[in-house]
Amino acid sequence: MSAVSGSSQRAPLASTLAELPVINSFAGLPPAFYTRLAPQGLNEPRLVHANEDAAALIGLAPEALHTREFLEVFSGRAPLPGGDTLAAVYSGHQFGIWAGQLGDGRAHLLGEVDGPYGTWELQLKGAGMTPYSRMGDGRAVLRSSVREYLASEAMHGLRIPTTRALALVASDDRVMRETVETAAIVTRMSPSFVRFGSFEHWAARRQPEMVQTLADYIIDRFYPECRQAAAGEATGANAPLVRLLDAVTVRTARLMAQWQCVGFNHGVMNTDNMSILGLTLDYGPYGFMDAFRLDHVCNHSDTEGRYAWNRQPSVALWNLYRLAGSFNSVVQDADALKAVLDRYEAIFTQAFHDGMAAKLGLQAWRPEDEGLLDDLLKLMHEQRADFTLSFRRLAQAVRGQPQPFLDLFIDRDAARGWWEKLQARHASEPRDADARAASMDRVNPLYVLRNHLAELAIRAAGQGDATVIDELLRVLRDPYTERPEYAQYAALPPDWASDLEVSCSS
């Protein structure tokens, strides 16, 4: 059974894909940046789900999602009308080690739509082999495709910059991973899929002119402000590239703060998975934490814990240094690039403190709040308290009902002691309890995409039932508003959830 979700009020512009204004700007780069090739479509495809909200971004009417044309294009069996299908080349560092040339090993960029809400590239993930597949088969399995489809929409609901998902198509085609699984394709949308590794590729090949070409493309399309020098800023031919690094650094630092504030663990923060636009990109073995651990690792393949939750901000800076190294092939002033990177910690820290202050019901962060937050995280870590509910239930405590918060901790006396410290801090600010609690509910989600919820959707989709996906998306699009009919999605995870593992296998 297929399902289509969403309740967008936007006026659609096209009832067929052929009516979409397709522009193919990435295909206008020199041919060395990509390989033109057709996808390898799925056999007897079926639409599992399509996303009206994402379709509205490109001006596509809801009725278009039910057509045979839509299924043929997004199962890889037909080209996007007006599109220029290609797979992009890039390189990167994977788990801190230079991996050399990578690229879209199972992704096909169909084209770019100039929609009513900006330009959006449409990309099939799992549409067959490309010249960059290396040892892979170019396919994605239903399991990982459901997880990516849900994750991007969940992150959007949390107001965290992310790629989006348009469609999920499945087939009975067999794919071998640890076991035999079935194939699927998820259609991803992004203004651009250019990564840090896209620049590393050309720097490693000692082709600075290609670094410059790609940078000019990104600046002109997405960072035009980098062409203009502010008062006191350096000018010159390379100044826009320095300003580009600065803009990417700011976006990346703020993105990391947002991840940390919702307990999100990406799992594979390789440089080829870092967006030049500061978006959350490439949802593989991600996870929203249940029981909190500072050093939580969501990726079963990450045996060294490189991408643990508490290391994500520093890994992002390490990745930015790799990007800056690529820019250094053009910009000879390494000190100027380093000066930009030196700003990262302060930008991240301010964004993280601002986010955490709001979560704790504080109007503004004070230096002494560092100890208050550290004590809470330490308490949650030691007692494995649920990350999402620990923060969400604080608003109940502010309203005079502290017991639900205290019940998340084995040592309730310790939790009560910390809560009393927070109450004393609240008393130093002139705001009534109802206003404070309401502000906390606006930033502390009740619903997140826990692993066991994704697993329920995967199991149902494997049986041809998309209703779980549909209901989850309705909940995750507005994760801050409590709705009693969805109480099961806000509950602590069941015992069997602790046995779930996610890895790089997809």
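How do the residues of the lining of the largest cavity divide into nonpolar, polar and charged? In this predicted model, the lining holds 10 nonpolar residues, three polar ones and three charged ones.

**View 1. The largest cavity of the predicted model, with about 140 Å³ of space.** Of the 16 residues that line the largest cavity, Phe26, Ala88, Phe193, Val194 and Ser198 are the closest to its centre. Two elements, strand β8 (118-125) and helix α4 (196-204), are those that give two or more residues to this lining. When the whole structure is searched, four cavities of 30 Å³ or more are found, and the next view turns to another of them.

**View 2. The second largest cavity, with a volume of about 50 Å³.** The lining of this second largest cavity is made by Asn24, Ser25, Phe26, Ala27, Asp84, Leu86, Leu109, Gly111, Glu112 and Glu121. Strand β7 (residues 107-115) contributes the largest share of the lining, namely three residues. By residue type, the lining of the second largest cavity divides into four nonpolar, three polar and three charged residues. Phe26 is among the residues that line this cavity, and Phe26 is also one of the residues closest to the centre of the largest cavity.

**View 3. Asparagine 273, in the loop between β12 (264-265) and β13 (287-288).** Asparagine 273 has a relative accessible area of 11%, and because this value is under 20% the residue counts as buried. Its side chain reaches the backbone oxygen of valine 268 at a distance of 2.9 Å.

**View 4. Proline 116, in the loop between β7 and β8.** When residues up to four places away in sequence are not counted, proline 116 touches Leu13, Ala56, Leu57, Ile58 and Gly59. Proline 116 can also be set against leucine 373: the two residues are 257 residues apart in sequence, and their C-alpha atoms are 42 Å apart in space.

Definitions and conventions:
Residues numbered from 1 in each chain as written. Predicted model: local features only at pLDDT ≥ 70, side-chain atom pairs only at ≥ 80, totals over all residues. Heavy atoms only, no water. 1 Å grid on protein atoms, 1.4 Å probe; cavity = no way out; pocket = protein on both sides within 12 Å on 5 of 7 lines; lining within 4 Å. Points joined across faces, edges and corners; volume = space filled by probe spheres on them. Helix = DSSP H or I, 4+ residues; strand = E, 2+ residues; numbered from the N terminus. Nonpolar A, V, L, I, M, F, W, Y, C, P; charged D, E, K, R; others polar. Buried < 20%, exposed > 50% of the residue type's maximum accessible area, 1.4 Å probe, protein only. Polar contact = N/O pair within 3.5 Å; in protein donor to acceptor, adjacent residues only side chain to side chain. Contact = heavy atoms within 4.5 Å.
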